[in-house]
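Reader: I am new to this model and would like to learn how to read it. Could you take me through a few features, one by one?

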Amino acid sequence: MKERLGDRPGAAQAPEHRRTALSDDSGRFFTAQPIQVRPPSAAYQLRKLVARNELATAAHTPAEQENRPSSCGKLSPTVHSSVKRSGVLGMLEALWVFRKFVFGMVSREFRGRYLGSLLGGMWAILTPLATILIYLIVFSAVMRGKLPSAASAQGDSLSYGLFLCTGILVWGFFAEVVGRCQVVFVESANLLKKMSFPRITLPVIVLLSAALNFLLVAIVFVILLLVVERFPGEAMLAFLPLLVVQQGFAVGLGILLGTLHVFFRDVGQFWAVLLNLWFWSTPIVYPIAILPENVRDVLAWNPLTPLFLSYQRIVLDNAWPAWGDLGLPLGAALLFAAAGLLVFRKLSGEMVDEL
């Protein structure tokens, strides 16, 4: 039997991990597998920021901490010394103080999503590219001529594919934010119990992470619009205010559902049913013009309907949205943002006890 490296007379004893990498118990040598380095955890990033004194300039006594108002749940003394306001302004200030933690968590989520894969971050481009190509090629060839628009009237076989891509990609952005916000506090139970930090940072991390994913999808979609010569021009800029209204609505609704989910676990089941119903109640896979008049009147009360009609108007008709029709989604965004923050402020102090 071959003599192992660590058993040779006079040879320096190799570290345990090195000898394990060189040979197994039978003495046969093998090639060590590369070690996958995972991104640092949220708790580690919080401790690192506190150790660097990047969250505050001075610490308060326990009595000062107990008497100090907090809009983001109970914070540590180090955090309280930097967050000096209450209410919405206090939340915004806490987000600014914890900005490095927020951006670090967004980066960690993005890297962790593709950890261990051979192509790594390339999947962030390849996955939406494959999805868009399927919609453009398969659905356009099958469903062409069924879209009542100026483009389809001219016999453009890409009309329905673009219609479908526009709706489903934007819907995915909305559904991801609401769905993840709805469970973010429950899924972060261990972190909330171990560390003291503004809980409002968790929905913001969800929003920024989803926005990063959507940005990559949007870049792929815009490139394909240029390739097929269907880029709508300057009207594409209207997507920005429309997305702000839509995601403001999504975050407000998500915070409301996420807070209630901590206390009532039936919220998760309710959301699964509501999401499916909401998808088919929004003109995403079908043009609203094919519906009867009475059905269109009902769907007009859906806050997402004017937004998705505006997206489709931009991409298919190369026209700016009808801004006067956006009163309902804007009002819904403001209403749910206010309701979500109000419920969050009232119940955030009791979250840890319920978790």
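Reader: Let me start with one side chain: is W123 buried, partly exposed or exposed?

Author: Some background comes before that. This is a predicted model, where local features need pLDDT of at least 70 and side-chain atom pairs count only at pLDDT 80 or more, while totals for chains, interfaces and linings use all residues. Residues are numbered from 1 along each chain as its sequence is written, and side-chain values use heavy atoms, with hydrogens and water left out. Now the general idea: buried means under 20% relative accessible area, exposed means over 50%, and partly exposed is in between (1.4 Å probe, protein chains only). W123 counts as partly exposed because its relative accessibility is 38%.

Reader: Where does W123 lie?

Author: Look at helix α7, residues 123-143. Helices here are DSSP runs (H or I, at least four residues), as strands are (E, at least two), numbered from the N terminus.

Reader: Which residues form a nonpolar patch on the surface?

Author: A patch takes residues with over 30% relative accessible area and no salt bridge; like charges are joined within 9 Å, and nonpolar side chains (Val, Leu, Ile, Met, Phe, Trp, Tyr) within 5 Å. In this model L118, L119, M122, W123 and L126 make up such a patch, and together they have about 540 Å² of accessible area. Accessible areas come from the Shrake-Rupley method with a 1.4 Å probe, and for residues only the protein chains shown count as cover.

Reader: How many salt bridges does a search of the whole structure find?

Author: Side chains of opposite charge can pair when their charged atoms come close. The rule asks for a side-chain nitrogen of Lys or Arg within 4 Å of a carboxyl oxygen of Asp or Glu. The search finds 3 salt bridges. One of them joins R180 and E109, at 2.8 Å from N to O. Since R180 lies in helix α9 (residues 159-187) and E109 in helix α6 (residues 99-113), the pair ties together parts that are 71 residues apart in sequence. R180 is partly exposed at 25% relative accessibility, and E109 is partly exposed at 22%.

Reader: What does E176 form with R180?

Author: A salt bridge, with the closest N and O atoms 3.8 Å apart. E176 and R180 are separated by about one helical turn, because they are 4 residues apart in helix α9. Elsewhere, R296 and E293 meet in a salt bridge at 3.2 Å, N to O. This pair sits in helix α14 (residues 293-299), 3 residues apart, so about one helical turn separates R296 and E293. As for shared partners, salt bridges join E109, E176 and R180 into one network.

Reader: How many aromatic pairs are there?

Author: Rings of Phe, Tyr and Trp (its six-membered ring) pair if their centres lie within 6.5 Å; planes under 30 degrees apart count as stacked, over 60 as edge-to-face and the rest as tilted. By this rule the count is 15 aromatic pairs. Take Y160 and F163: their ring centres are 5.9 Å apart and their planes are at 20°, so the pair is stacked. Y160 is buried at 7% relative accessible area, and F163 is buried at 2%.

Reader: Which residues form one aromatic cluster?

Author: The members are W171, F174, F249, W271, W278, F279, W280 and F336.
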